[in-house]
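Visitor: I am new to reading protein models. Could you take me through one feature by feature?

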Amino acid sequence: MSQAKQKLTPDEITALWASYKGSGDSDAKNDLLLHYGYLVKWIVRRMMPKYNNYNEYDDLVSCGMIGLIDAVDKFDLKQEVKFETYAVTRVRGEILDYMRSQDWAAPSLRKKINAITNAYDEIERKQPDKPIDQVDEEVAGTLGMSVEQVHKVLNQTHMFNLMNFEDAIGAANHESEIKGHDYKTPEDELLEKEKKTLLAEVIDELPEKERLVITLYYYEGLLLKEIADMLHVTESRVSQIHSKVLAKMRMKLEKVS
């Protein structure tokens, strides 16, 4: 394998693409994979916080690399889209497929997820301005659990909520959009528009701290650790907030699926 430079110039990247797509140069392909490998690690870090004890970081990176290889192989230089945009979708898709094949949430855990989510939703609906720590205590008391137990379940459900949320908003359709194809029926278009409207409404209704976490994560592209630093809380706490909001949005989006 050839050794790619630590940082390639735009002209060098263009030359590598021309070499690989023009003659199938394996060295050029390897250099492209080395250059774009940072995308895989960035996506895995966003999708799965490292502190969780169930985090199979290396497995997810390996799956992401399969997606990156596929993206390099299939990318059409004539497309009017940056490779990074195309690759992110392919990598995320490969990782999500792997995660769906794993048993991330047993039936008993799913019951706890729904019970906790419903409890949060009910309390926040009646008392929207109640501080989040007090909401945690009330949820725990309502369910006969300790706050620590509630937080543990929220930590465990991060990937379950993420996968189901992705499914609910139709993330699988993004690939066809990036490729420039439109396979959606008028009914699909109407449903997608309805979901986007509902998603915006759900975000607007969130308490300030939850809305800030979602905004920084999805719209500003920050990692959970970076958000935690900004809010002066632990990364675990931000992940709990994120997971709870995902569960809330997932349940509401599923009603229009």
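Guide: Start with α3 and α4, which are oblique to each other. Oblique covers angles left over once those under 35 degrees (roughly parallel), over 145 (roughly antiparallel) and 65 to 115 (roughly perpendicular) are taken out. This is a predicted model: local features need pLDDT of at least 70, side-chain atom pairs count only at pLDDT 80 or more, and totals for chains, interfaces and linings use all residues. Residues are numbered from 1 along each chain as its sequence is written, and side-chain values use heavy atoms, with hydrogens and water left out.

Visitor: How is a pair of packed helices described?

Guide: By the angle between their axes and the distance between the axes. Here helix α3 (residues 57-74) meets helix α4 (residues 83-100) at about 135 degrees, and the axes are 8 Å apart. Axes are lines fitted to C-alpha atoms over the stretch in contact, and angles run from 0 to 180 degrees between N-to-C directions.

Visitor: Which residues of α3 and α4 make the contact?

Guide: Contact means heavy atoms within 4.5 Å. Among them are L60, C63 and I66 of α3, and F83, Y86 and V91 of α4. The contact residues divide into 13 nonpolar, two polar and five charged. Nonpolar means Ala, Val, Leu, Ile, Met, Phe, Trp, Tyr, Cys and Pro; charged means Asp, Glu, Lys and Arg; the others, Gly among them, are polar.

Visitor: How many helices and strands does the protein chain have?

Guide: Helices are DSSP runs of H or I, at least four residues; strands are runs of E, at least two. The protein chain has 13 helices and zero strands.
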